[in-house]
Amino acid sequence: MTQTDWPRIYTDLGALISQEPDELANTWQPSPAALLWLGRVQAVITATRFSADVVEVRNAVLNLTNRALHQRGVNELRAVMYRVLAQAEYNVPSAMTGAFIPIGQPFDAFAAIGRLMNSATQNVLIVDPYMDEKTLTDFAVLSPEGVLVRLLADEHSKKPSLIPAVQRWAAQHGPKRPLEARLASARILHDRLIAVDDKDAWALTQSLNAFAQRSPATILKADPETAGLKIAAFNDIWASAQPIT
(Lines give C-alpha, C1' and ligand atoms only; values in the text may rest on other atoms or scores of the structure.)
Protein backbone atom coordinates (compact mmCIF):
# COMPACT_ATOMS: atom_id res chain seq x y z
CA MET A 1 0.00 0.00 0.00
CA THR A 2 1.29 3.47 -0.83
CA GLN A 3 2.41 5.35 2.27
CA THR A 4 0.58 8.46 3.38
CA ASP A 5 2.37 11.58 2.12
CA TRP A 6 2.37 13.46 5.42
CA PRO A 7 4.60 16.37 4.30
CA ARG A 8 2.22 17.16 1.45
CA ILE A 9 -0.83 16.77 3.67
CA TYR A 10 0.74 19.07 6.27
CA THR A 11 1.57 21.72 3.69
CA ASP A 12 -1.68 21.51 1.71
CA LEU A 13 -4.02 21.32 4.69
CA GLY A 14 -2.24 24.12 6.49
CA ALA A 15 -2.59 26.30 3.41
CA LEU A 16 -6.30 25.47 3.12
CA ILE A 17 -6.88 26.33 6.77
CA SER A 18 -5.23 29.69 6.19
CA GLN A 19 -7.48 30.26 3.15
CA GLU A 20 -10.83 29.43 4.78
CA PRO A 21 -13.45 31.56 2.99
CA ASP A 22 -14.88 34.29 5.21
CA GLU A 23 -18.37 33.36 4.04
CA LEU A 24 -18.13 29.83 5.42
CA ALA A 25 -19.32 30.74 8.88
CA ASN A 26 -22.04 33.07 7.63
CA THR A 27 -24.03 31.18 5.05
CA TRP A 28 -25.28 27.68 4.42
CA GLN A 29 -25.23 28.36 0.66
CA PRO A 30 -21.51 28.59 -0.19
CA SER A 31 -20.37 30.20 -3.41
CA PRO A 32 -18.68 28.16 -6.17
CA ALA A 33 -15.29 29.34 -4.85
CA ALA A 34 -16.15 28.13 -1.34
CA LEU A 35 -17.41 24.81 -2.71
CA LEU A 36 -14.11 24.37 -4.54
CA TRP A 37 -12.27 25.04 -1.27
CA LEU A 38 -14.44 22.44 0.49
CA GLY A 39 -13.69 19.93 -2.26
CA ARG A 40 -9.97 20.48 -1.80
CA VAL A 41 -10.28 19.98 1.94
CA GLN A 42 -12.08 16.68 1.36
CA ALA A 43 -9.40 15.59 -1.11
CA VAL A 44 -6.61 16.25 1.40
CA ILE A 45 -8.44 14.48 4.23
CA THR A 46 -9.11 11.52 1.93
CA ALA A 47 -5.37 11.30 1.23
CA THR A 48 -4.75 10.42 4.90
CA ARG A 49 -6.50 7.09 4.32
CA PHE A 50 -8.15 7.39 7.74
CA SER A 51 -11.68 6.24 7.02
CA ALA A 52 -13.19 7.81 10.15
CA ASP A 53 -11.84 11.26 9.20
CA VAL A 54 -13.00 10.84 5.60
CA VAL A 55 -16.53 10.06 6.79
CA GLU A 56 -16.49 12.89 9.33
CA VAL A 57 -15.41 15.55 6.85
CA ARG A 58 -18.02 14.38 4.34
CA ASN A 59 -20.75 14.60 7.00
CA ALA A 60 -19.49 18.01 8.12
CA VAL A 61 -19.77 19.37 4.57
CA LEU A 62 -23.29 17.99 4.27
CA ASN A 63 -24.26 19.64 7.56
CA LEU A 64 -22.80 23.05 6.80
CA THR A 65 -24.78 23.20 3.54
CA ASN A 66 -27.97 22.52 5.54
CA ARG A 67 -29.71 25.62 6.93
CA ALA A 68 -30.59 23.96 10.25
CA LEU A 69 -27.22 22.26 10.79
CA HIS A 70 -24.91 24.86 9.29
CA GLN A 71 -23.03 25.97 12.41
CA ARG A 72 -22.66 22.39 13.58
CA GLY A 73 -21.14 21.52 10.21
CA VAL A 74 -18.67 24.43 10.39
CA ASN A 75 -17.54 23.32 13.86
CA GLU A 76 -17.20 19.70 12.77
CA LEU A 77 -15.20 20.65 9.69
CA ARG A 78 -12.76 22.80 11.65
CA ALA A 79 -12.35 20.08 14.28
CA VAL A 80 -11.36 17.42 11.76
CA MET A 81 -9.07 19.77 9.83
CA TYR A 82 -7.12 20.77 12.93
CA ARG A 83 -7.01 17.17 14.18
CA VAL A 84 -5.56 15.95 10.90
CA LEU A 85 -3.15 18.88 10.79
CA ALA A 86 -1.88 17.92 14.25
CA GLN A 87 -1.46 14.31 13.11
CA ALA A 88 0.43 15.46 10.03
CA GLU A 89 2.62 17.77 12.12
CA TYR A 90 3.58 14.79 14.27
CA ASN A 91 4.63 12.83 11.19
CA VAL A 92 6.78 15.41 9.36
CA PRO A 93 10.36 16.53 10.09
CA SER A 94 10.56 19.18 12.78
CA ALA A 95 12.13 21.62 10.30
CA MET A 96 8.81 21.75 8.43
CA THR A 97 6.60 22.57 11.37
CA GLY A 98 5.29 25.87 12.59
CA ALA A 99 3.02 26.25 15.61
CA PHE A 100 -0.59 25.66 16.64
CA ILE A 101 -1.92 28.30 19.04
CA PRO A 102 -5.05 27.44 21.06
CA ILE A 103 -7.70 30.06 21.78
CA GLY A 104 -6.71 32.62 24.38
CA GLN A 105 -2.98 31.87 24.57
CA PRO A 106 -1.44 35.30 23.87
CA PHE A 107 1.97 34.43 25.27
CA ASP A 108 2.21 31.32 23.08
CA ALA A 109 1.44 33.48 20.03
CA PHE A 110 3.96 36.09 21.18
CA ALA A 111 6.66 33.44 21.68
CA ALA A 112 6.02 31.59 18.42
CA ILE A 113 6.09 34.69 16.25
CA GLY A 114 8.99 36.06 18.26
CA ARG A 115 11.08 33.04 17.29
CA LEU A 116 10.50 33.82 13.61
CA MET A 117 11.33 37.49 14.01
CA ASN A 118 14.45 36.81 16.05
CA SER A 119 15.77 34.35 13.47
CA ALA A 120 16.24 37.11 10.88
CA THR A 121 19.71 38.38 10.06
CA GLN A 122 18.85 40.73 7.18
CA ASN A 123 15.15 41.48 6.78
CA VAL A 124 11.62 40.50 7.70
CA LEU A 125 8.50 41.02 5.60
CA ILE A 126 5.14 40.98 7.39
CA VAL A 127 2.04 40.83 5.18
CA ASP A 128 -1.32 41.40 6.83
CA PRO A 129 -4.28 43.15 5.14
CA TYR A 130 -5.77 44.14 8.52
CA MET A 131 -2.57 45.37 10.15
CA ASP A 132 -2.68 47.70 13.14
CA GLU A 133 -0.22 49.05 15.72
CA LYS A 134 0.11 45.63 17.42
CA THR A 135 2.28 44.41 14.55
CA LEU A 136 4.85 46.96 15.72
CA THR A 137 4.31 47.05 19.47
CA ASP A 138 3.98 43.28 19.97
CA PHE A 139 5.95 41.66 17.14
CA ALA A 140 8.23 43.88 15.03
CA VAL A 141 10.01 44.91 18.21
CA LEU A 142 11.16 41.30 18.59
CA SER A 143 13.39 41.49 15.52
CA PRO A 144 17.13 42.03 16.12
CA GLU A 145 18.53 45.55 15.90
CA GLY A 146 19.75 46.42 12.41
CA VAL A 147 17.33 44.02 10.69
CA LEU A 148 15.05 45.76 8.20
CA VAL A 149 11.36 45.18 8.95
CA ARG A 150 8.96 45.67 6.05
CA LEU A 151 5.22 45.92 6.60
CA LEU A 152 2.71 45.39 3.80
CA ALA A 153 -0.96 46.11 4.53
CA ASP A 154 -4.13 46.81 2.56
CA GLU A 155 -4.97 50.48 2.01
CA HIS A 156 -8.66 49.75 2.58
CA SER A 157 -8.51 47.19 5.41
CA LYS A 158 -5.59 48.45 7.52
CA LYS A 159 -6.55 49.87 10.90
CA PRO A 160 -6.30 53.62 11.65
CA SER A 161 -3.65 53.02 14.33
CA LEU A 162 -1.10 51.66 11.84
CA ILE A 163 0.16 54.88 10.23
CA PRO A 164 0.79 56.81 13.48
CA ALA A 165 2.53 53.73 14.93
CA VAL A 166 4.83 53.55 11.90
CA GLN A 167 5.63 57.26 12.20
CA ARG A 168 6.39 57.05 15.92
CA TRP A 169 8.54 53.95 15.41
CA ALA A 170 10.65 55.79 12.82
CA ALA A 171 10.97 58.86 15.04
CA GLN A 172 12.10 56.84 18.05
CA HIS A 173 14.30 54.13 16.52
CA GLY A 174 15.65 55.66 13.32
CA PRO A 175 18.35 53.57 11.60
CA LYS A 176 18.93 51.36 14.65
CA ARG A 177 15.70 49.53 13.83
CA PRO A 178 15.02 50.26 10.14
CA LEU A 179 11.37 50.09 9.13
CA GLU A 180 9.54 50.46 5.83
CA ALA A 181 5.77 50.25 5.51
CA ARG A 182 3.58 50.26 2.42
CA LEU A 183 -0.09 49.99 1.54
CA ALA A 184 -1.16 47.75 -1.32
CA SER A 185 -4.16 48.61 -3.46
CA ALA A 186 -7.48 47.69 -1.90
CA ARG A 187 -8.28 43.99 -1.67
CA ILE A 188 -5.14 42.75 -3.46
CA LEU A 189 -3.85 41.10 -0.31
CA HIS A 190 -5.56 37.94 0.89
CA ASP A 191 -2.81 36.05 2.73
CA ARG A 192 -1.12 36.76 6.03
CA LEU A 193 2.56 35.94 5.95
CA ILE A 194 5.93 36.42 7.61
CA ALA A 195 9.01 36.03 5.39
CA VAL A 196 12.53 35.98 6.82
CA ASP A 197 15.67 36.94 4.88
CA ASP A 198 13.86 36.48 1.52
CA LYS A 199 14.18 32.73 2.02
CA ASP A 200 11.77 31.24 4.56
CA ALA A 201 8.05 31.98 4.77
CA TRP A 202 5.32 31.18 7.26
CA ALA A 203 1.59 31.49 6.59
CA LEU A 204 -0.59 32.82 9.42
CA THR A 205 -4.20 31.72 9.58
CA GLN A 206 -5.31 34.96 11.28
CA SER A 207 -4.34 38.60 11.45
CA LEU A 208 -1.84 39.60 14.11
CA ASN A 209 -4.23 42.09 15.70
CA ALA A 210 -6.38 39.25 17.06
CA PHE A 211 -4.19 36.17 16.67
CA ALA A 212 -5.80 33.16 18.43
CA GLN A 213 -8.19 35.38 20.38
CA ARG A 214 -11.49 33.97 19.08
CA SER A 215 -10.43 30.69 17.43
CA PRO A 216 -7.30 28.53 17.23
CA ALA A 217 -4.56 29.86 14.96
CA THR A 218 -1.74 28.22 13.06
CA ILE A 219 1.69 29.34 11.91
CA LEU A 220 2.65 27.09 9.01
CA LYS A 221 6.07 27.00 7.39
CA ALA A 222 5.94 26.83 3.59
CA ASP A 223 8.10 24.38 1.69
CA PRO A 224 11.07 26.03 -0.09
CA GLU A 225 9.39 26.12 -3.52
CA THR A 226 6.17 27.63 -2.19
CA ALA A 227 8.11 30.08 -0.03
CA GLY A 228 10.04 31.31 -3.05
CA LEU A 229 6.87 31.82 -5.07
CA LYS A 230 5.10 33.67 -2.26
CA ILE A 231 8.04 35.93 -1.48
CA ALA A 232 8.46 36.81 -5.16
CA ALA A 233 4.74 37.56 -5.50
CA PHE A 234 4.66 39.83 -2.45
CA ASN A 235 7.85 41.59 -3.49
CA ASP A 236 6.10 42.43 -6.76
CA ILE A 237 3.12 43.84 -4.85
CA TRP A 238 5.52 45.71 -2.59
CA ALA A 239 7.19 47.38 -5.55
CA SER A 240 3.93 49.04 -6.61
CA ALA A 241 2.52 49.71 -3.13
CA GLN A 242 2.22 53.20 -1.63
CA PRO A 243 4.88 53.99 1.03
CA ILE A 244 3.78 55.19 4.45
CA THR A 245 5.83 58.26 5.36
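**Helix packing and cores**

Guide: H3 and H4 run roughly antiparallel to each other, a term for angles over 145 degrees. Helices here are DSSP runs of H or I, at least four residues, numbered from the N terminus. This is a predicted model, where local features need pLDDT of at least 70, side-chain atom pairs count only at pLDDT 80 or more, and totals for chains, interfaces and linings use all residues. Residues are numbered from 1 along each chain as its sequence is written, and side-chain values use heavy atoms, leaving out hydrogens and water.

Visitor: At what angle do H3 and H4 pack, and how far apart are their axes?

Guide: About 150 degrees and 7 Å, for H3 (residues 51-64) and H4 (residues 70-90). Axes are lines fitted to C-alpha atoms over the stretch in contact, and angles run from 0 to 180 degrees between N-to-C directions.

Visitor: Which classes of residue make up the contact of H3 with H4?

Guide: Eight nonpolar, four polar and five charged.

Visitor: New topic. How many residues are in the largest nonpolar core?

Guide: There are 35, and Leu151, Ile194, Phe211 and Ile219 have the most contacts inside it. Such a core is a set of buried Ala, Val, Leu, Ile, Met, Phe, Trp, Tyr and Cys residues joined through side-chain atoms within 4.5 Å; buried means under 20% relative accessible area with a 1.4 Å probe, protein chains only.

Visitor: Which helix gives the most to this core?

Guide: H5 (residues 106-118), with five residues. Another core, of 26 residues, lies apart from it and includes Val44 and Leu77.

Notes:
Buried means under 20% relative accessible area, exposed over 50%, partly exposed in between (1.4 Å probe, protein chains only). Helices (H or I, at least four residues) and strands (E, at least two) are DSSP runs, numbered from the N terminus. Angles under 35 degrees count as roughly parallel, over 145 as roughly antiparallel, 65 to 115 as roughly perpendicular and the rest as oblique. Ala, Val, Leu, Ile, Met, Phe, Trp, Tyr, Cys and Pro count as nonpolar, Asp, Glu, Lys and Arg as charged, and the others, Gly among them, as polar.
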